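I set out below what I looked up in this structure, entry by entry.

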Amino acid sequence: MGLPTSITEIMALFKGLAQATSEQTAVALKFRETMLAQVTGMDELNQQVVLLNRGLSTQIGYNKTVSDQYVKLAAASLVFENRNKDLNKTFGITSTAAANLSTTLHTLAKEHKFSGEQAIKYAVGIKKMLPSFDQQSTKGAKTAESLQRIQHVLTTNLNLTAEATQAYSLYASKNGENADITLAFAASLSTALSDTDGTMGYMQQAIEGIAEASADTQLQFGKIKGNLEIATIKAKSLGFELDDLAAAGKSLLNIESSIGDELEYQLLSGHRLTDASGKSLTNAYREATLRGNMSDAASTLNTILENEGEVLENNLFAREKMAKLMNMDEASLSRALQKKKLLSSDDGLRVLMNLNGTELQTTAQAMLDNNQMSQKKFDEISKFTDTRTTDEIMKTQLDVAEESKDILSEMLTGKGPTGQANQVATTKAALTNKAGIDKFAKDVMLDLSEKELQTLGETENIADRYSKGNKLVTTTFKPGGIPSFGAGIDTPVKDAVIPAGYGSRILSFPEDSLQADLAFKNNDTIIAGTSLAGNGNASSATPGAATDATIMKMARMIVAAINGNNLFGGTSMNDSIYQT
């Protein structure tokens, strides 16, 4: 909107401004009265009982805060309890008992070159698997060591899940305190299968396959040392799991139905299921199942698929009948046929299936006869199976290096005065001493009298109400949220008429310190007075009833400003300066 071009337009503009300003002032006064009532009113909040409880609430809150701070500061001294918290939680034991167990675990970890943190994690896993096993007894020390080694290789090096590790550990437990030797069986697969550089990952395949097998499969086919490991590799090469081979064996042991299915297959295919010497392959599979030799069972299944491959590929009904005979779904059978065809030119597969496992079994038995896995052998297996990234290995090495520092090592593994068990007990006694707690409560906590609590409650009441009232004001009248009262004004203005203060107060602002739309400068004019309405009586002035003379006075000021006249040439605003 452009500048007013006539006195009539100027008068209309300022009439609207005066009216809006007066209305805003009235609203502000009413709001101020309401705010005052909020702070000074609410008599029910000033009753003595209410004030007493309010003061008591404040005292309790303060004491709770200082207590929390005290506990937080003390917690920094509970270094060993913090390290052993998983033992406390899992084993359900005291801090001192956890420290004793931790000492045993750190000693074992130091010997095996993994960190105490890892040893504690392994112990938690063993506890979940064997709740009644005492991991720090002298009698169970060798078994605990074996299980710790298994946990380390499986969870840390091979990154197997806790469930898979538990399943494999239970399978290995058939070797008693030498459970860790079972790892050596799997590690020997690389030698037996000529994988000297370890690129095929046979050990991990075997461990994962055994861990995935059901407990009854592990029990029935884990009788022959080292046999289940090589059977796993054979089964996986055909696309099967150990449980698949076990299910086929159980199905064939149902003689009546399996013979009927086999005869039907012969009619559909025109083939008998025999090997090159005429020996029944289904009987061979039954014998392997009864002996618990899954390696032989896998090789027998491979021979069946090899001999009947072409028939099974081209004859749908024969394929369905074979799937029923071997107690497997047709999809699994088809997948096995595809794998065999893909690997038909692979001499390695032929060597694998012809491997009877005797060499591995001999090696496994020799290990058992030796009665334990040496530390050197364990180190070799650990290195051979370590699938961690370099940074993960470095972190463990640094943790081990830190725990090897003289003082810390002595405290972690020692059982004397400097041992962690004694440190935990001594620290606990010092921090929970009743005399010390009582002194802290007396010196630091609030303990106000009834009158003092009432006074505190009254102070809190007033402060709260004032704070909430002030928040309401600032929320209602946000910066930049003051409405524009200029009737017909389309653009922001930089001048304003502000109601006067009280008494002799002076209104002043630093230059440009307000909103952009209301930024006073040192050469701006602010008009204020008690008789702008024209009757000289502020108390009886009717809001918005400014006289024409007053409006004309303001209009002449604006016109003079537009014409470049110096509105601030004198020390005061006199009518004579602005007369036309």
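**Entry 1. Helix H23.** I worked from a predicted model. I looked up the buried residues of H23 and found Thr396, Asp399 and Glu403. I then asked how they are placed around the axis: they cover an arc of only 60°, which puts them on the same side of H23. I recalled a general point here: an α-helix has 3.6 residues a turn, so residues three or four places apart point the same way.

I looked next at the face of H23 turned away from the buried side, and it carries the exposed residues Thr390, Asp391, Gln397 and Leu398. What covers the buried residues of H23? I noted that the cover includes helix H3 (79-83), helix H5 (95-112), helix H6 (116-129) and helix H24 (406-413).

I also checked the length of H23, which runs over residues 390-403. At 1.5 Å a residue, its 14 residues should span 20 Å, and the end C-alpha atoms are 20 Å apart, so the two values agree.

**Entry 2. Nonpolar cores.** I looked up the largest nonpolar core and found that it has 75 residues. Those with the most contacts inside this core are Tyr168, Leu183, Ile207, Phe240, Leu305, Met322 and Met326. Which helix gives the most to this core? I found helix H17 (residues 294-314), with eight residues.

Another core lies apart from the largest one; it has six residues, among them Phe80, Met411, Leu412 and Val424. In soluble globular proteins, nonpolar side chains tend to be buried together.

I then took Phe240 and listed what it touches, leaving aside residues up to four places away in sequence. The list is Ala235, Leu245, Leu301, Leu305, Met328, Ser332 and Ala336.

**Entry 3. Aromatic pairs.** I counted three aromatic pairs. For Tyr70 and Phe440, the ring centres are 4.4 Å apart and the planes stand at 20°; an angle under 30 degrees counts as stacked, so I recorded this pair as stacked. The pair links distant parts of the chain, with Tyr70 in helix H2 (residues 48-75) and Phe440 in helix H26 (residues 434-444), 370 residues apart.

Phe114 counts as buried at 2% relative accessibility, and Tyr122 counts as buried at 0%.

**Entry 4. Ala284.** I located Ala284 in helix H16 (residues 281-291). Its relative accessibility is 15%; buried means under 20%, so Ala284 counts as buried. I also noted that Ala284 and Asp296 are twelve residues apart in sequence and 8.4 Å apart in space, C-alpha to C-alpha.

**Entry 5. The chain as a whole.** I found 29 helices and zero strands in the protein chain. Of its 580 residues, 37% are buried. Among contacts with a separation of 6 or more, 70% are between residues 24 or more positions apart. The accessible surface of the chain comes to about 32700 Å², and 55% of this surface belongs to carbon and sulfur atoms.

Terms used: Residues numbered from 1 in each chain as written. Predicted model: local features only at pLDDT ≥ 70, side-chain atom pairs only at ≥ 80, totals over all residues. Heavy atoms only, no water. Core = buried A, V, L, I, M, F, W, Y, C linked by side-chain atoms within 4.5 Å. Buried < 20%, exposed > 50% of the residue type's maximum accessible area, 1.4 Å probe, protein only. Helix = DSSP H or I, 4+ residues; strand = E, 2+ residues; numbered from the N terminus. Contact = heavy atoms within 4.5 Å. Expected span 1.5 Å × (residues − 1). Arc of directions from axis to C-beta. Phe/Tyr/Trp six-rings, centres within 6.5 Å; stacked < 30°, edge-to-face > 60°. Areas by Shrake-Rupley, 256 points an atom, 1.4 Å probe, with all protein chains shown as cover.
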